[in-house]
Every structure is written in C-alpha cells, then in structure tokens.
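Hi there,

Here is the structure I promised to pass on.

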Amino acid sequence: MTTMNAPTTPGPAPAQRLAIGLPRASGQSGSGAAPMKNNHYQLLQLVLFWAGAILLPLGLVVIVLGWYGAANTPYQYDQLSYLVSGGLLGLGLTFAGGFLYFGAWLARIAADNRESAKRLADTLLVLADVTSRAAASSDDLDVSGMPVTAGDGTTMHRRDCSLIAHRDDLRPIGEDNGHLTECRVCRP
C-alpha cells in the first residue's frame, strides 16, 4: 500500500513558538534596545505596582496568621508576640503595599501628563509654524476694501472710493458703525 504524505509547511521553530506575543529586545525599529531601556518612568511605575501587589496581600496574610496564632494560645506572653510579629508587621506591610500602589498610580498620572504636555507642545509648534507662514504670505494686505469715514462724516466708504480718494483725513471704522450710512457709489 502506498501512502501519500501531505505536504507540510514548516511551522515556527520551538523557540519562536514560545516567543509569540512577547516583545523582542530589538522591537520594531531594530535598534537593539530592550523595551524598558531609557524608559525610567514606566519602569518605576511597573516596580511600584508589583511591589504593592505583593506587599499588600502579604500584609493581610501576616495579619491573619498573627490573629490565628494569638487566638489559639492561652498564654498572654505568647499572644503578645503574635500581636507584635503578626499584627504590627502585617499592618506595616499592608500600609506599605497601599502606599506603593498609590505611588504607581501617581507615576502613571505623571507619565500621562508628560505625554499630554509633549503633544500640546508639538501642537503649539505646528500652530506657530502655520501662523508664521500665513503672516508671511499676507504681508501684501489689500486695504482697498477696508471701510473708512472721511473726517467726522456719517457715511461709510471703501478706502478706494472715488469720492474720498483725494482726502487725507480717513479713519477706519470700528464696531460701533450703526449710525453710519453706506456710500451709494462704492457700497462697502
């Protein structure tokens, strides 16, 4: 009997199968740097988080063990040693773990604020560049269509209106122009 072997495609090597989903040391950029290198704030947050994650429950376990030891001994001097070693040590570990969790939370907030400030600075630089380019391109501002009045007049004109072209006492019109009438020649 002849058996036909189905063509097999070579799969990933065993070492590659284990590393699927884990970050490589070189990352995507191929720089060769480890993912946490030169990222001290993220490393600090990670260390604080895991230290708090270990110390807080450990402190609670030590408190329970101290209570159990004190509850199961009839002698007061033994109960006092359980109270000191289990209760106070466990309370200290619990508080230390809680403060480390709080420190990890503060480190995360600081990292978020740093990233937000960096994005804001980049946005402000882009806005400043756009504004400077717009200002440079609008140096030849056309003022011929700007509404003006001549002297103490009550009529609005365009600056290039033929009725007031020879006048030297032209004033630009502000926002309170409700009492002025429009010129019938230039229609500003």
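A word on terms before the details: two strands pair if DSSP finds at least two bridges between them. Helices (H or I, at least four residues) and strands (E, at least two) are DSSP runs, numbered from the N terminus. This is a predicted model, where local features need pLDDT of at least 70, side-chain atom pairs count only at pLDDT 80 or more, and totals for chains, interfaces and linings use all residues. Residues are numbered from 1 along each chain as its sequence is written, and side-chain values use heavy atoms, without hydrogens or water.

Let me start with the strands. E1 (residues 147-150) runs antiparallel to E3 (residues 170-172), joined by three bridges, and Ala-150 has Leu-170 of E3 as its bridge partner. E1 also pairs with E2 (residues 155-158), again antiparallel, over two bridges; here Val-148 is partnered by His-157. Four residues sit between the strands of this E1-E2 hairpin, where Gly-151 has a positive phi near 60°.

Now the helices. The axes (lines fitted to C-alpha atoms over the stretch in contact, with angles from 0 to 180 degrees between N-to-C directions) of H2 (residues 40-71) and H3 (residues 76-137) come within 7 Å and cross at roughly 160°. H2 and H3 are therefore roughly antiparallel (the term covers angles over 145 degrees).

Finally, the unreviewed UniProt entry annotates residues 46-68 and 88-111 as "transmembrane region", though such annotations may be inferred rather than shown by experiment. Residues 46-68 are 100% helix, with end C-alpha atoms 33 Å apart; residues 88-111 are also 100% helix, with ends 34 Å apart.

Best wishes

Conventions: Parallel < 35°, antiparallel > 145°, perpendicular 65-115°, else oblique.
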